[in-house]
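Hi,

Here is the structure you asked about. Please open it beside this email, and then read on for what turned up.

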Amino acid sequence: MKRLGQIMYLHKDAYEEYAKRHNNLFPEMRKALKEAGAHNYSIFLNKENGELFAYLEVDNIEKYNDIAKTDAAKKWWAYMEPLMDTNPDKSPVTVDLDEVFHLD
């Protein structure tokens with residue numbers, strides 16, 4: 001199991017819509033995340049600057065990274081693209097964080 005932390009960037013006028021869309025996550029996206037071995041997934045918002053902090057645990061990082069190839073992820077990214085900073089493929093701009101401490 002690997003713990004992942006990422007930073008993403010939400011547009012300041014999109015806070016409510018972002019939460020609404022995640023509260024209604026596409027069933028096929030939920031299924032793709034589960035099939036990719038993702039669990040204990042949380043996203044936190046810093047309302048001061050629109051920065052999102054995502055934390056999740058994955059069983060296998062290579063299998064999880066393959067989610068980017070799925071139709072579900074591509075559909076979700078296109079849906080979320082107007083709300084956040086994105087790459088040319090519509091995936092969210094992310095900064096991967098290095099774990100420096102963990103306490104069980």
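Buried means under 20% relative accessible area, exposed means over 50%, and partly exposed is in between (1.4 Å probe, protein chains only). Helices (H or I, at least four residues) and strands (E, at least two) are DSSP runs, numbered from the N terminus.

This is a predicted model: local features need pLDDT of at least 70, side-chain atom pairs count only at pLDDT 80 or more, and totals for chains, interfaces and linings use all residues. Residues are numbered from 1 along each chain as its sequence is written, and side-chain values use heavy atoms, with hydrogens and water left out.

Start with helix α2, residues 27-35. Its buried residues are M29, A32 and L33. They sit on the same side of α2, because they cover an arc of only 100 degrees around the axis (taken from the directions from the helix axis to the C-beta atoms). An α-helix has 3.6 residues a turn, so residues three or four places apart point the same way. The face turned away carries the exposed P27, K31 and K34. Among what covers the buried residues are β2, α3 (61-65) and α4 (71-80). Just after α2, G37 has a positive phi of about 85 degrees.

Next, H39. It lies in strand β2 (residues 38-46). H39 is partly exposed, at 26% relative accessible area. Leaving aside neighbours within four places in sequence, H39 is in contact (heavy atoms within 4.5 Å) with M1, L56, E57, V58 and D59.

Last, Q6 is in strand β1 (residues 2-9). Q6 counts as buried because its relative accessibility is 16%.

Best wishes
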